[in-house]
Amino acid sequence: ELRPTGDRTFDVAVTISSPYDTPQRYADGWRVLDPGGNVLGIHTLLHDHAAEQPFTRTQRGLYVPPGVEVVTVEGRDQANGFGGATVTVEVPE
């Protein structure tokens with residue numbers, strides 16, 4: 001979910017579920033991409049969420065350049081890096 005907070009700035013609420021969720025291997029973040037594959041933001045999680053699956057966290061202050069109408073969120077885990085299911089979201093006006 002993208003929540004507008006200012007001029008082209010958003011808070012990004014992301015829900016992740018990962019089969020790799022132990023202190024040794026866990027979902028450790030996500031990145032937000034524009035349609036051209038450019039990284040607009042990266043969020044890092046510092047610990048596992050084994051007792052909380054799926055879980056939602058928020059990245060604050062993501063700037064989305066003018067002309068970008070959709071963004072894609074891609075999760076990351078320590079076992080496989082970025083990948084898995086992605087979600088594409090329209091950028092609110």
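**Strands, pairing and burial**

Reader: Over how many bridges do strand 2 and strand 5 pair in the antiparallel sense?
Author: The model is predicted, so local features need pLDDT of at least 70 and side-chain atom pairs count only at pLDDT 80 or more, while totals for chains, interfaces and linings use all residues. Residues are numbered from 1 along each chain as its sequence is written, and side-chain values use heavy atoms, with hydrogens and water left out. Strands are DSSP runs of E with at least two residues, numbered from the N terminus, and two of them pair if DSSP finds at least two bridges between them. For strand 2 and strand 5, the antiparallel pairing extends over seven bridges.

Reader: What is the strand order of the open sheet of four strands?
Author: The pairing in this sheet is antiparallel, and strand 4 and strand 7 (81–90) are its edge strands, each pairing on one side only. Within the sheet, five bridges join strand 3 to strand 4, and seven join strand 6 to strand 7. The order of the four strands is 4-3-6-7.

Reader: Which residue in the turn of the hairpin formed by strand 3 and strand 4 has a positive phi?
Author: Strand 4 (residues 39–44) runs antiparallel to strand 3, and along this pair glycine 29 stands opposite threonine 44, while arginine 31 has isoleucine 42 as its bridge partner. Five residues lie between the two strands of the hairpin, and the turn residue with a positive phi, about 85°, is glycine 37.

Reader: Is aspartate 28 buried or exposed?
Author: Aspartate 28 belongs to strand 3, which spans residues 27–33. Leaving out residues up to four places away in sequence, its contacts (heavy atoms within 4.5 Å) are His43, Thr44, Leu45, Arg76, Asp77 and Gln78. With a 1.4 Å probe and protein chains only, buried means under 20% relative accessible area, exposed over 50%, and partly exposed in between. Because its relative accessibility is 10%, aspartate 28 counts as buried.

Reader: Which residue in strand 7 stands opposite valine 71?
Author: Strand 6 and strand 7 form a hairpin with three residues between them. Across this antiparallel pair, the residue opposite valine 71 is valine 89.

Reader: What is the C-alpha to C-alpha distance between valine 68 and proline 35?
Author: Valine 68 sits in the loop between strand 5 and strand 6 and, with a relative accessible area of 13%, is buried. Apart from residues up to four places away in sequence, valine 68 touches Arg8, Asp34, Pro35 and Val91. Although valine 68 and proline 35 are 33 residues apart in sequence, their C-alpha to C-alpha distance in space is 7.6 Å.

Reader: What is the phi of arginine 8?
Author: Arginine 8, one of the residues that valine 68 touches, is placed in the loop between strand 1 (2–6) and strand 2. Its relative accessibility of 22% is why arginine 8 counts as partly exposed. Its phi is positive although the residue is other than glycine, with a value near 65°.
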